[in-house]
Amino acid sequence: MPDRNSLYGPLDPAPEAGWAEAPPRMGFFTDTSICIGCKACEVACKEWNDVPTSGLDLLGMSYDNTGALTANSWRHVAFIEQPRPADHRTPPFGGNPTGGSVSADSAAIASGTGNPTGTDPGVPPGSPEPAARMAAGPEFLGMPGAEPPGRATGAETRTDFRWLMMSDVCKHCTHAACLDVCPTGSLFRTEFGTVVVQEDICNGCGYCISACPYGVIDQRKGDGRAWKCTLCYDRIGADKTPACAQACPTESIQYGPLDELRERAAARVATLHERGVPEARLYGHDPTDGVGGDGAFFLLLDEPEVYGLPPDPVVTTRDLPKMWKRAGLAALAMAAAAVVAFVGGGSS
């Protein structure tokens, strides 16, 4: 185990924070592969925690009308459109057709030679399948099915368009920089290993906002104080499920002991790989990562950046001891230089 009060590395955060008889660490596992984007979690969170409305803005970003986690949106359902094959089989086209239309057979033959194919910059020679598909014109992708893409008929029949949906939330990091920098003790570690803001103590300094590697915490306009997900501290203290997980109709959001959730998540990834979804991966589950693992982690179907998540988050206070040491050395050097200058000036 790391030294007490260490700023990085795997540890159990509740005993580290001074809870002598802490219960098992609790958390969220969000399986984005079964999220349907219903936003029931957003509504349940607002209703239970009395979070103000975020407005009815249409952001012009598909069906996402909240945009990000804010002081008034403690859960955010992201909608990501991907107009490309779900299994990344066919490379994207370069440029747009400028010549007259040709038959698919002609395009396939032409692409196998060095002759122009009627596109700018053109489909590379030796690529008959993309050329034929481009020349064939619009393609009907089919109506939405009752099951996830590829579940009923296999990965080979997936269409050229898919939705990625994800209910984002505060990660309740093992090493929470927001908690480290709070000057008033407004942020504290609960016995369940979660991180909670006490709004009646918050002075609105904003240090926690810049410290969060995920950009989760936000200040409420007209209020000035910081707000974020509490993982329904009042509910879990009474042995109840957090409101968002309780409302999720597909059990995309799962709540329970963190160790159990990690085992369940690993089994789910293995199942998806067996079903032809090799891009499935976990995010935030590793206790050896830059934040010591998250109390709320995710199963993703693409790179973290696609979902707006940092690929390799690191607790922003990790290097504080080195920074203070260097600052101290710099101060000593300046003091020594001042003494030398003073002594030298006095002797002359």
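Which residues point one way from β1, and which the other way? M26, F28 and T30 go one way, G27, F29 and D31 go the other, and all of them are buried (under 20% relative accessible area; exposed is over 50% and partly exposed is in between, with a 1.4 Å probe and protein chains only). Keep in mind that this is a predicted model, where local features need pLDDT of at least 70, side-chain atom pairs count only at pLDDT 80 or more, and totals for chains, interfaces and linings use all residues. Residues are numbered from 1 along each chain as its sequence is written, and side-chain values use heavy atoms, with hydrogens and water left out.

**Strand β1 and its partners**

- Helices (H or I, at least four residues) and strands (E, at least two) are DSSP runs, numbered from the N terminus.
- β1 runs antiparallel to strand β10 (residues 253-257), with 5 bridges joining the two. Strands count as paired if DSSP finds at least two bridges between them.
- Within that pairing, G27 has G256 of β10 as its bridge partner.
- β10 is also largely enclosed by the rest of the structure, because 4 of its 5 residues are buried.
- With strand β12 (residues 296-300), β1 pairs in the parallel sense, over 4 bridges. Here F29 stands opposite F297.

**A closer look at T30**

- T30 is part of strand β1, and its relative accessibility is 1%, so it counts as buried.
- Setting aside residues up to four places away in sequence, T30 touches R75, S167, S252, I253, F297, F298 and L299. A contact here means heavy atoms within 4.5 Å.

**The annotated cysteines**

- An unreviewed UniProt entry places the feature "binding site" at C35, C38, C41 and C248. These four are spread over 214 residues of sequence, yet they cluster in space, with a largest C-alpha distance of 10.6 Å. UniProt positions are given in the numbering used here, feature names are shortened, and annotations may be inferred rather than shown by experiment.
- C41 sits in helix α2 (residues 40-49). Its relative accessibility is 7%, so C41 counts as buried.
- Apart from its neighbours within four places in sequence, C41 is in contact with R75, V77, S167, C244 and I253.
- C248 belongs to the loop between α8 (243-247) and β10. At 13% relative accessibility, C248 counts as buried too.

**Salt bridges**

- The structure has 8 salt bridges, each being a side-chain nitrogen of Lys or Arg within 4 Å of a carboxyl oxygen of Asp or Glu.
- One of them joins the side chains of R162 and E279 (3.4 Å, N to O). R162 is in strand β5 and E279 is in the loop between α9 (258-274) and β11 (281-283), so this pair ties together parts that are 117 residues apart in sequence. Both R162 and E279 are buried.
- R162 also meets D302 in a salt bridge (3.6 Å, N to O). This pair links distant parts of the chain, 140 residues apart: R162 in β5 and D302 in the loop between β12 and α10 (320-347). Both D302 and R162 are buried.
- Put together, R162, E279 and D302 are linked in a network of salt bridges.
- D223 and R225 form another salt bridge through their side chains (2.7 Å, N to O). D223 is partly exposed, with a relative accessible area of 29%, and R225 is partly exposed at 26%.

- Y63, F161 and W163 make a nonpolar surface patch of about 320 Å². Patches are made of residues with over 30% relative accessible area and no salt bridge; like charges are joined within 9 Å, and nonpolar side chains (Val, Leu, Ile, Met, Phe, Trp, Tyr) within 5 Å. Accessible areas come from the Shrake-Rupley method with a 1.4 Å probe, and for residues only the protein chains shown count as cover.
- W163 is located in strand β5 (residues 162-168). With a relative accessibility of 31%, W163 counts as partly exposed.
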